[in-house]
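I opened the model today to look up a few helices and strands. My notes are set down in the order in which I checked things.

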Amino acid sequence: MSEFKMPALGADMEAGTLLEWLIKPGQRVKRGDIVAVVDTEKAAVDVEIWMDGVVERLLIEPGIRVPVGTVLALIRTGTEAAAAMPAPPQAAPGRATPKAAPAPVVPAAPMAPVAARPAQGAEPQAAPGQHRVSPLARRMARDLGVDLARVAGTGPAGTVTHTDVERAAADIRAAAAPAGSGATPQAGAERLRASPLARRRAKELGVDLARVPGTGAGAAITQADVERAATAPKAPRAPMTAQQRSVAMRRAIAQAMARSKREIPHYYLGLEIKLDRALAWLERENAARSIVERVLYSVLLVKAVALSAREVPDMNGFWVNDGFQASAAVHVGMAISLRGGGLVAPALHDADRKSPVELMRELKDLVARTRAGSLRSSELSDPSITITNLGEQGVDTVFGIIFPPQVALVGFGRVSERRSIQASLSADHRASDGHRGALFLAAIDRRLQAPETL
């Protein structure tokens, strides 16, 4: 069984809200399929799956905000996937085969199920008098005065568990409360009963005991009640306004960049690169193209960086688990400003293997989808090196902050009247040094002097 987890959709993402599942239990999925939509503080993102298999269970309900790395679903892979849909079991003589119910979406933290009799028309899990009951459940039922024949078991094979008994006892107390009182058995400070351990645990977890239904003897609140309340799914957050999203985005960016500066030993290098040959070559190439097919000089910068990253792999990869991991692919992250403020840096995949024309087409599409809030999770989670280009804003030089866990960021300023550009490198001193960084900038310069090879 494989775990499908909440991905990190950018260096500044710590949590995301699941907006929608696009799959269901029993469905077969393949690598690259869009299976969910997740809301970050920057945009709603189509999340892709990174494995082939069959969906076993969905563990998080839409509307729940969970940290990066939280398991969202279980996926059967390999031989498990082949056996994911077994043949229906043979019915015993004289007994009907129970109908399989569709697997439900399970909340982030399982809550105790509400004990109730099976719905009219539903087939019971066991005939009266034939209940399977755990020893602890029998003891609790006797102490709480619960009739086990009226409790629907939710354990394996319909076994009645102690949680089922606790919930049934709570239902009985609620039904016995005076009509119209609006009070639960434990409402009111003078009637609030909680064990010392439960009070201490509530204080540790920040749980309001007045909002916790007690399932202990005499409606006392137990430690289990407190922990269940602490892990219960929270109500879905209301959608953020544009202003709230902008503020949240800037806060998230600031936190990520502060962590980057605090944890990554940056070093900086700069180089002026002459663009005479590149611009002259581009003018000749564009003369034969329609206006909509023309290539911008910034695409030549992207291709030069991508090829140089392949040549000097120290700049293309990630610092994880106290070590550098070079990336086999060159996915160039492009820092793109958003109309409401803030920025994101989605990837142009395999930029070293594509022509300037292909990169131009993909860059236009990427910018449009970024500003429309329609990105895919792979575009945000796997850039191996990032470019920030502030030339359009008239900036001469920019020394950027590295997007962790990447180890390098390249900055470009405006093209000067001398038809040159200032290129800068921000690099992680744990993964490389100034000598390797200088070779990298020199490689970018060399490739831009031979634009026909890009």
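The entries below go from a helix to a hairpin and then to a sheet.

Entry 1, source. I am working from a predicted model.

I checked the length of helix 8, residues 297-311, first. At 1.5 Å a residue its 15 residues should span 21 Å, and I find the end C-alpha atoms 21 Å apart, so the two agree. I then asked how many residues of helix 8 are buried. The count is 12 of 15, and I note the helix as mostly covered. The buried residues include V299, L300, L301 and V302. K303 is also on the buried list, as are S298 and S308.

I looked at strand 10 (residues 317-320) and strand 11 (residues 323-326), which pair in the antiparallel sense over four bridges. Opposite G317 I find A326 of strand 11. Two residues lie between the strands of this hairpin, and N321 has a positive phi near 50°.

Entry 4, strand 17. Is strand 17 (residues 385-389) enclosed or open? Four of its five residues are buried, under 20% relative accessible area, so I record strand 17 as largely enclosed by the rest of the structure. I next traced its partners. Strand 12 (residues 332-334) pairs with strand 17 in the parallel sense through three bridges, and V332 stands opposite I385. Strand 18 (residues 408-412) also runs parallel to strand 17, joined to it by four bridges. For this pair I noted I387 with V410 and T388 with G411.

Which order do the six strands take? I read 9-19-18-17-12-15, an open sheet with mixed pairing. Strand 9 (266-274) and strand 15 (347-348) are the edges; each has a single partner strand, so one side of each is left without a neighbour in the sheet. Helix 11 (residues 434-448) packs on this sheet and touches strand 9, strand 17, strand 18 and strand 19 (420-428). I noted the angle between the directions of helix 11 and strand 9 as about 25°.

How values were computed: Residues are numbered from 1 along each chain as its sequence is written. This is a predicted model: local features need pLDDT of at least 70, side-chain atom pairs count only at pLDDT 80 or more; totals for chains, interfaces and linings use all residues. Side-chain values use heavy atoms; hydrogens and water are left out. The expected span of a helix is 1.5 Å times one less than its number of residues. Buried means under 20% relative accessible area, exposed over 50%, partly exposed in between (1.4 Å probe, protein chains only). Two strands pair if DSSP finds at least two bridges between them. Contact means heavy atoms within 4.5 Å. Axes are lines fitted to C-alpha atoms, for helices over the stretch in contact, and angles run from 0 to 180 degrees between N-to-C directions.
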